[in-house]
Amino acid sequence: MKRLGLTLVVVLMSVATSFAQGNQNKVNKEPFAINFEKLSYYLELAPYQVEEVANINEYFMDMQKQSLRGNAKLRDKRMHQAIYGNLKLMKQALTPEQYRKYVTLLNVTHNNNRMLSSVEL
């Protein structure tokens, strides 16, 4: 489990780095813009989880927007903090199975964004 966590952190750090490098001219693009309705259906959220996960998702979007402001050196650090903070909050709010699905979804989203950005170049 610890090994999975470390692997996840490394992958997400690369997400933040590639996002900051690949989208410097595309300031408004968010790497993980997730439709909450689809997310709640996919994760099969219980009624008591819906509001908390919605708040976490909204907070994550705000943190991503903040990470795009300022100089380029701070962008990578802020994006890493946004991703790590989101995962930490989601791990507390979700069951282990839901959290596994959520991490998988983030990885798939990252891979799709990376493929799309390489096609646009």
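Before you click anything, one term: buried means under 20% relative accessible area, exposed means over 50%, and partly exposed is in between (1.4 Å probe, protein chains only). Helices (H or I, at least four residues) are DSSP runs, numbered from the N terminus.

You're looking at a predicted model, where local features need pLDDT of at least 70, side-chain atom pairs count only at pLDDT 80 or more, and totals for chains, interfaces and linings use all residues. Residues are numbered from 1 along each chain as its sequence is written, and side-chain values use heavy atoms, with hydrogens and water left out.

Colour by pLDDT, the predictor's confidence in each residue, from 0 to 100. The protein averages 77, and 67% of the residues score at least 70. Now select residues 22-28: here the pLDDT is below 50, and beyond near neighbours in sequence the stretch has five contacts in the model (contact means heavy atoms within 4.5 Å).

Next stop, helix α2, residues 36-43. Which residues are buried here? Show Leu39, Ser40 and Leu43. They sit on the same side of α2, because they cover an arc of only 95° around the axis, going by the directions from the helix axis to the C-beta atoms. Just after α2, click glutamate 44, with its positive phi of about 55°.

Finally, jump to leucine 89 in helix α4, residues 72-93. Leucine 89 counts as partly exposed because its relative accessibility is 30%. Leaving out residues up to four places away in sequence, leucine 89 touches Ile56 and Tyr59.

Definitions and conventions
Helices (H or I, at least four residues) and strands (E, at least two) are DSSP runs, numbered from the N terminus.
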